[in-house]
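Student: I have just opened this structure and would like to learn how its features get their names. Could you walk me through it?

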Amino acid sequence: MPFPSINLSRLFWAITVVASLLATLSAFSMLQKADSFDSEACGSCHLGKNKGQIKSDPILISTQETLCGSCHGDALMASHPSGIPPSMQVPDVFPLDWKGDITCSTCHETHNDKHGVLRVTERGEAFCGACHQADFFTAMADGGISTIISGHLDASGELEDPFSIQCMICHDDKGDPDQAYPVSVNRDGIIRHKGSSHPVGKSYELASTYGGYKPMTELHKSIVLPNGLMSCVSCHQGYSENHGALVSTTAGSGLCFECHQL
């Protein structure tokens, strides 16, 4: 039985049409996936006039501190400063933003499966030393131990005031009685050092109901109240060249009157 004659031009045309349709369907499917990814993921941080434009438009809808803080608010309470220009030369491996500021993504990866991971493998003193000179830490009361441990004070766990607990790792007089500023804290959360005492891990809002306190909304932004609690970082600077210094430069009892209204 002879094979029927085949019109090669029609066959080629049919193959071309089918291939074009398959390519169109494939591209449409990929576009749908890209649009879905852009609108649900990229669009939560990046500005774009439409879904397909987000990947080519790196503009953020807000500052990195605001965006990262929406999920990691505790990390921003007492951490390495972010959203500021550096005071030293920063290696290229740690990118600054378009304004030349240090941001969350200067130290951390922000995309893919490395989200949140530090940009380099070094940790501790070696990591900090990429930007800071050794004398930056030796000038601190604890030699920089508390800041070298991590770029963030740990706000995880079930402890009422984990910020103060981490401070006490280095500043507790039981651990190092010869340090410049020995500190002790009792089971009632009363911390004592340099001849003064103050509660930590206590609700500021609850205390203010007894009278004699400024409303939380009127406190200076430098006074940090983690989860609404009084803490070491409410009075002392954590991550700065003045680590451990008072958050207020007012002399004498001026710091006390930042909160107390007597």
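Student: What makes the link between the side chains of Glu 65 and Ser 82 a polar contact?

Tutor: A polar contact is a pair of N or O atoms within 3.5 Å; within protein, one must be able to donate a hydrogen and the other to accept it, and residues adjacent in sequence count only if both atoms are side-chain atoms. The side chains of Glu 65 and Ser 82 are 2.3 Å apart, so the pair falls within 3.5 Å and is called a polar contact. The side chain of Glu 65 also reaches the backbone nitrogen of Gly 83 at 3.2 Å.

Tutor: Before we go on, please keep in mind that this is a predicted model, where local features need pLDDT of at least 70, side-chain atom pairs count only at pLDDT 80 or more, and totals for chains, interfaces and linings use all residues. Residues are numbered from 1 along each chain as its sequence is written, and side-chain values use heavy atoms, with hydrogens and water left out.

Student: How do you know that Glu 65 has no salt bridge?

Tutor: A salt bridge needs a side-chain nitrogen of Lys or Arg within 4 Å of a carboxyl oxygen of Asp or Glu. For Glu 65, the nearest side chain of opposite charge is Lys 99, at 6.5 Å, so no salt bridge is counted although Glu 65 is buried.

Student: Where does Glu 65 sit, and which residues does it touch?

Tutor: Glu 65 lies in helix α2, residues 64-69 (helices are DSSP runs of H or I with at least four residues, numbered from the N terminus). Its contacts (heavy atoms within 4.5 Å), apart from neighbours within four places in sequence, include Leu 76, Ile 102 and Cys 104.

Student: How many aromatic pairs are there?

Tutor: The count is three, and one of them joins Phe 94 and Phe 127.

Student: Why is Phe 127 called buried?

Tutor: Buried means under 20% relative accessible area, exposed over 50%, and partly exposed in between (1.4 Å probe, protein chains only). Phe 127 has 16%, so it counts as buried, and Phe 94, at 6%, is buried too.

Note on methods. Helices (H or I, at least four residues) and strands (E, at least two) are DSSP runs, numbered from the N terminus. Lys and Arg count as positive and Asp and Glu as negative; His and the chain ends are not counted. Rings of Phe, Tyr and Trp (its six-membered ring) pair if their centres lie within 6.5 Å; planes under 30 degrees apart count as stacked, over 60 as edge-to-face and the rest as tilted.
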